[in-house]
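Below is a colleague's note on the model. It covers the ligand site and then the sheets.

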Amino acid sequence: MQIATQAAQIGLDRASRTGAVTVPIYQTATFRHPGLGQSTGYDYSRSGNPTREALEEGLARLEGGCRGFAFSSGMAAITTLLLLFKQGDHIIVTEDLYGGSYRLFEKIFQRFGLTFSYVDTSDTEEVARAIRPETAALFVESLTNPLLKIADVAALASLCQKRGILSIVDNTFLTPYLLRPLDLGADIALYSGSKYLAGHNDTICGLVAVKDAELAERVYFHQNGGGAVLGPQDSFLTIRGMKTLSVRLDRQQENAHAIAHFLVNHPKVARVYYPGLPEHPGHDLMKRISRGFGAMIAFEVTEPELVERLLLKTELISFAESLGGVESLITFPQVQTHADIEPEKQERLGINNVLLRLSVGIEDKDDLIADLAKALE
Ligand SMILES: *Cc1c(COP(=O)(O)O)cnc(C)c1O
């Protein structure tokens, strides 16, 4: 079945006694036991809740995985996955990484004896060279933030499989609608569901899908043990958002394509990073492994003075962090999302004082282009 169909029907329980078409919000902390030593299958909502379960099962289906997990945020999902490791383990990570993940790894988990190497994961050879005897995992962003480098997820997953390393793919920027990491051989697909999956800039959540049952048991143990689960209300909102994933992304990608071309031709724009442009280094690989190019654009303006003008003079496009929702957002990575990365590293990665990042929403593309054109005047 196609992903658009599966997504639209998440939570629809055909065996439901009431016939409800959407999953109810089971706002309960605990569940009555029918008898001594008996359970309805639900005991306590940290361990399992029917609304969260509908989301988790829906995600597992979208990913072609054996089990899904919903967490209170993307960072809570990543924290829980890091609990799978032990002191001394080494993890290879995408260098052009989401700032919050970098902070979690360097400022928190390093204290507990995990070590991290940051490499350009769009270069599979570089990843292979970084493997050490104690390497336990690869943590890769399929499409990176903010410079939109694409990793060859299939080649990386195959490398990890051969070397006995767990592969974790942060697929937040692409979603299972565009790329399914588990199909390409990865062990774990990971999402900040706060972005495209929930999709309405109204919910914080994290999602994980796992390929094999033994690994799923371990993730479940740590989800329940750590306790950073998604509540029933937010599980409902995430399901509600995911139902329209395909239509939103189709529109967002169409808009992004038009805006990228507008920016390329604008005299005050020096450089555009968008994988849908044939000159983007990941264009051909992305065409092979992804259904589309996503809806994120990064671009450099010709002068630093233009940055503030764009952030404050755009009227439709809001100056805000986050991405993936129906409303278009613009942000300044150097100060907003990537401030925890050291200045010299920012410079090497291309995160500078003229770089802006645009998350393209579902508004009319001509209105969005007019908004940018006016701010750039
Ligand atoms: C936002 C984001 C996260 C963190 O998710 P939260 O839901 O904000 O906790 C992790 N990875 C990527 C790529 C993100 O964009």
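**Notes on the predicted model**

1. A polar side-chain atom of Lys 195 sits 2.7 Å from an oxygen atom of the ligand. For Ser 194, a side-chain N or O atom is 2.6 Å from a ligand oxygen, and for Met 75 a polar backbone atom is 2.9 Å from one. A polar contact here is a pair of N or O atoms within 3.5 Å; within protein, one must be able to donate a hydrogen and the other to accept it, and residues adjacent in sequence count only if both atoms are side-chain atoms. Of the 370 Å² of accessible area that the ligand has on its own, the protein covers 93% (Shrake-Rupley method, 1.4 Å probe).

2. This is a predicted model: local features need pLDDT of at least 70, side-chain atom pairs count only at pLDDT 80 or more, and totals for chains, interfaces and linings use all residues. Numbering starts from 1 along each chain as its sequence is written, and side-chain values use heavy atoms, with hydrogens and water left out.

3. The residues around the ligand (a heavy atom within 4 Å of it) include Ser 73, Gly 74, Tyr 98, Glu 141, Asp 170 and Cys 205. The shell divides into four nonpolar, five polar and three charged residues. Ala, Val, Leu, Ile, Met, Phe, Trp, Tyr, Cys and Pro count as nonpolar, Asp, Glu, Lys and Arg as charged, and the others, Gly among them, as polar.

4. Seven strands form an open sheet with mixed pairing, in the order β1-β7-β6-β5-β4-β2-β3. β1 (67-71) and β3 (115-119) are at the edges with a single partner strand each, so one side of each has no neighbour in the sheet. The twist averages 20° from one strand to the next. Strands (E, at least two residues) and helices (H or I, at least four) are DSSP runs numbered from the N terminus, and two strands pair if DSSP finds at least two bridges between them.

5. Within this sheet, β6 (188-192) and β7 (206-210) pair in the antiparallel sense over five bridges; Ala 189 has Ala 209 in β7 as its bridge partner. Helix α2 (50-63) packs on the sheet and touches β1, β6 and β7, with its direction at about 130° to that of β1. Contact means heavy atoms within 4.5 Å; axes are lines fitted to C-alpha atoms, for helices over the stretch in contact, and angles run from 0 to 180 degrees between N-to-C directions.

6. Another open sheet, with mixed pairing, has five strands in the order β8-β9-β12-β11-β10. Its edge strands are β8 (269-273) and β10 (318-319).
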